[in-house]
Amino acid sequence: MPFQITIEPLTIESFKPYGDVIQLEGNKNVIIANQGTAKRVNHVAKLENLRSGPSSALQSAKPNMCIFSSAPRPTTGGLFQVKLLERHPYSSQVFMPIHEQGVTTSPDLPSYLVIVAENGSDDLPDLRTIRAFAATTTQGINYKANSWHSPMVTIGRRVDFVVLVWENGVKLQDCEEAPITPVLIDLKPLFKNLPESKI
């Protein structure tokens with residue numbers, strides 16, 4: 001029987017153990033740029049490539065800026081079930097939304113999930129620490145290197161993301177997957193009018 005957790009709002013502070021939230025609102029480092037016509041926030045995310053440097057025994061990696069076009073995942077009764085987490089042992093990973101299909105509502109409403117867990121003593125996800133955050137298309141995320149997280153989960157609509165990650169083509173260095181005991185996430189507190197389908 002899967003155990004259940006409840007969705008939380010994504011904030012800069014709540015996500016700090018796992019990485020960075022990339023957003024303008026609530027950021028303390030805003031400066032004015034472009035002759036007073038723009039707001040700029042520097043260093044919104046700590047980008048990591050742990051395979052760099054002359055002493056590294058790992059094959060070097062290159063930054064890969066790509067686009068993910070993520071189809072919405074099924075939910076049932078306001079619940080989403082996660083069965084797998086992944087991590088990028090030697091690289092941070094940025095997801096920045098650039099387009100949400102068929103948007104007729106506020107961009108400040110949640111559209112995707114950010115599911116994370118701490119590393120356990122067995123070097124696998126510690127499910128006692130699993131958390132799920134609701135993100136809007138005005139928020140991007142940056143996972144720390146070696147941070148366990150779910151593959152991208154969008155809810156209700158397709159969302160396109162610009163993604164930045166360092167890769168070298170060596171499978172377990174680029175991405176490591178871990179099947180987990182299923183966990184149900186209650187989306188109802190923050191997601192309204194959820195589509196119905198079988199989990």
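Five strands make an open sheet in the order S3-S11-S8-S14-S6, with antiparallel pairing. Strands here are DSSP runs of E with at least two residues, helices are H or I runs of at least four, and both are numbered from the N terminus; two strands pair if DSSP finds at least two bridges between them. S3 (19-22) and S6 (62-70) sit at the edges with a single partner strand each, so one side of each has no neighbour in the sheet. This is a predicted model, where local features need pLDDT of at least 70 and side-chain atom pairs count only at pLDDT 80 or more, while totals for chains, interfaces and linings use all residues. Residues are numbered from 1 along each chain as its sequence is written, and side-chain values use heavy atoms, with hydrogens and water left out.

**Strand pairing**
- As a reminder, strands of a sheet pair through backbone hydrogen bonds, either parallel or antiparallel.
- S8 (residues 93-100) and S11 (residues 140-143) pair in the antiparallel sense, over three bridges.
- Gln 93 has Tyr 143 of S11 standing opposite.

**The S4-S5 hairpin**
- S4 (residues 30-33) and S5 (residues 38-41) run antiparallel and are joined by four bridges.
- Ile 31 has Arg 40 in S5 as its bridge partner.
- Four residues lie between the two strands of this hairpin, and Asn 34 takes a positive phi near 55°.

**Second largest pocket**
- This pocket holds about 250 Å³ of space.
- It has 14 lining residues, and the closest to its centre are Ile 12, Glu 13, Lys 16, Asn 27 and Asn 29.
- A pocket is an open set of points on a 1 Å grid over the protein atoms alone, where a 1.4 Å probe fits, with protein on both sides within 12 Å along at least five of seven lines; lining residues have an atom within 4 Å of a point.
- Grid points are joined across faces, edges and corners, and the volume is the space filled by probe spheres set on them.
- S3 gives the most to the lining, with three residues.

**Cysteines**
- There are zero disulfides in the structure, a disulfide being a pair of cysteine sulfur atoms within 2.5 Å.
- The sulfur of Cys 175 is too far for a bond, because the closest cysteine sulfur, in Cys 66, is 12 Å away.

**Whole chain**
- The protein chain has one helix and 15 strands.
- Its radius of gyration is 17 Å, close to the 16 Å from the globule rule for 199 residues, so the chain is as compact as a globular protein of that length.
- That radius is taken over C-alpha atoms, and the rule is 2.2 Å times the number of residues to the power 0.38.
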